Amino acid sequence: MSTKRTSVKELLQSKGCSKEVEISGWVRTKRGNKQVNFIALNDGSTINNIQVVVNMDDFAEDLLKKVTTGAAIHVKGLLVESAGSGQVREIQASVLDVLGEADPDKYPIQPKKHSLEFLREVAHLRFRTNTFGAIFRIRHAMAFAIHQYFNQNGFCYLHTPLVTASDCEGAGEMFRVTTLDAKNPPLTEDGDVDYKQDFFAKATSLTVSGQLEGELGAMALGKIYTFGPTFRAENSNTTRHLSEFWMIEPEVAFNDLNDNMDLAEEFLKYLIQYALDNCMDDLQFLSTRLQEEEKNKKADERSVELIEKLKFVLDNDFERITYTEAINILKNSKPNKKGQFQYPVDAWGVDLQSEHERYLVEKHFKKPVILTNYPKEIKAFYMKQDSDGETVAAMDVLFPQIGEIIGGSEREDSLEKLTTRMKEMDVPMDGMQYYLDTRRFGSAPHSGFGLGFERLLLFVTGMGNIRDVIPFPRTPKNAEF
Ligand code: 4AD
Ligand code: MG
């Protein structure tokens with residue numbers, strides 16, 4: 001008889017038993033005795049396994065020897081209510097084929113606890129663990145939810161280029177794109193590399209942000225968003241930085257800074273609600289995992305339970321304060337007075353470090369914070385200048401455990417103010433005329449922000465290292481796989 005192959009997820013959710021089913025997947029564990037074996041089978045559709053019951057008399061011993069952890073098998077059989085505890089239903093196998101063996105002496109993912117560090121070294125196989133299965137299903141769900149949110153709200157998905165000739169946003173942090181001979185590049189009379197002879201006839205790099213092109217789209221389509229990879233060659237070896245990461249950048253014409261904050265807060269809450277509504281099995285698994293990992297920590301060093309933490313963000317308004325207010329809080333804070341910050345906060349104008357951001361969020365306000373109106377000296381040239389001449393209409397959204405999750409601003413829409421600021425900051429005007437055209441023709445207030453996709457995933461999954469929420473992380477000195 002032939003049945004259609006189903007997924008484990010469908011089997012576990014479907015109503016009714018006592019039917020013939022057909023399934024393929026990878027063996028997680030096998031146990032049993034001379035009469036009967038129980039195989040826990042997973043096919044990636046859900047964190048849960050289906051139990052396959054194998055009557056030893058029905059199958060050759062040689063065949064069953066090949067059914068080891070990691071092997072791929074195909075099973076046909078009757079789906080029945082399970083008599084044993086631990087699962088609701090199981091399959092009584094009538095047909096079992098081994099599609100691909102996994103030599104137990106060589107297969108690295110054995111049914112025991114592996115460290116995250118070890119799993120990073122076998123990132124090509126770590127998808128097969130419960131932890132990484134859960135993370136990458138959540139990653140998918142969040143990507144889908146992002147598109148759904150914007151689509152439902154009338155945004156247009158704009159594909160901005162990855163190769164760019166403008167380096168004004170990422171001075172010094174960009175990966176060069178070139179086809180010139182590295183050993184023997186053509187030189188100009190002055191002895192510099194002659195990029196006129198390069199593939200694009202100019203110096204090009206990988207983008208650090210789609211914002212500038214996104215603004216061009218927003219100034220006609222009204223509401224746009226980008227969602228793509230971005231590249232930064234900064235040498236930051238932290239648990240929150242990647243050299244290649246994904247960013248979501250909405251840009252909205254006629255939005256001011258307040259509208260921008262409202263959008264950011266509503267958007268983040270939508271995504272977290274989506275995770276709670278659609279990823280509960282995986283979240284519950286990750287929550288238990290985290291509690292397990294932290295059980296030896298002191299009570300006050302343990303993180304808040306994952307699902308409780310997500311609900312907490314939904315239930316509370318984000319605190320909105322200015323940079324100036326934040327500096328006053330930090331200056332007078334205990335850790336600052338006791339010299340416990342690595343970077344002491346002594347004067348207005350200093351850039352905030354992640355230790356400061358986390359103090360504000362985790363200790364002072366105990367909820368997400370949106371910081372606004374930063375000093376213009378520490379922010380990009382395109383941010384709208386405030387009337388005080390000192391600050392700009394910037395906003396950073398700060399989250400517990402993460403620090404900065406979103407960075408954005410209202411944009412300077414006055415041609416004169418923008419070009420003056422560019423001159424002050426030595427931003428090259430050549431090659432930026434296209435950008436300035438939006439301020440020359442039909443200029444209007446507009447705002448946007450960038451959400452780091454992996455930072456969002458750190459928060460939603462509760463994982464501690466950004467290398468564990470992207471399939472194949474790229475970091476300084478590391479581009480394996
Ligand atoms: O604050 P950033 O640099 O802002 C921009 O790029 C603006 N052009 C965005 C805009 O207004 N359209 O980056 C935005 C976010 C950060 O808040 C952070 O979440 C994430 O991108 N991010 C990184 N994530 C992982 N690794 C890195 N190296 C990151 N750098 C920034
Ligand atoms: Mg930023």
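R411 sits in the loop that links β15 (403–410) to α12 (415–424). The model is predicted.

**Exercise 1.** Decide whether R411 is buried or exposed.

*Solution.* Start with the relative accessibility of R411, which is 2%. Buried means under 20%. R411 therefore counts as buried.

Next, list the surroundings. Set aside neighbours within four places in sequence; R411 then touches Q211, E215, E251, Y382, M383, K384, R439, H446, S447, G448 and F449.

**Exercise 2.** Find which residues come nearest to ligand 1, and describe the polar pairs that R411, F449 and G452 form with ligand 1.

*Solution.* Take the residues around ligand 1 as a set: there are 24. Q211, R232, E249, E404 and I405 come nearest.

Now take the pairs in turn.
- R411 uses a polar side-chain atom, 2.9 Å from an oxygen atom of ligand 1.
- F449 places a backbone N or O atom 3.5 Å from a nitrogen atom of ligand 1.
- G452 has a polar backbone atom 3.3 Å from an oxygen atom of ligand 1.

**Exercise 3.** Describe how helix α9 (residues 323–331) packs with helix α11 (residues 354–365).

*Solution.* Two packed helices are described by the angle between their axes and the distance between the axes. The axes of α9 and α11 come within 11 Å and cross at roughly 75°. Angles of 65 to 115 degrees count as roughly perpendicular, so α9 is roughly perpendicular to α11.

Then assign the contact. From α9 come A326, I329 and L330; from α11 come H356, Y359, L360, H364 and F365. Finally, sort these residues: 6 are nonpolar, 2 are polar and none is charged.

Conventions: Residues numbered from 1 in each chain as written. Chains lettered and ligands numbered in written order. Predicted model: local features only at pLDDT ≥ 70, side-chain atom pairs only at ≥ 80, totals over all residues. Heavy atoms only, no water. Axes fitted to C-alpha atoms, helices over the stretch in contact; angles between N-to-C directions. Helix = DSSP H or I, 4+ residues; strand = E, 2+ residues; numbered from the N terminus. Parallel < 35°, antiparallel > 145°, perpendicular 65-115°, else oblique. Contact = heavy atoms within 4.5 Å. Nonpolar A, V, L, I, M, F, W, Y, C, P; charged D, E, K, R; others polar. Buried < 20%, exposed > 50% of the residue type's maximum accessible area, 1.4 Å probe, protein only. Near = heavy atom within 4 Å. Polar contact = N/O pair within 3.5 Å; in protein donor to acceptor, adjacent residues only side chain to side chain.
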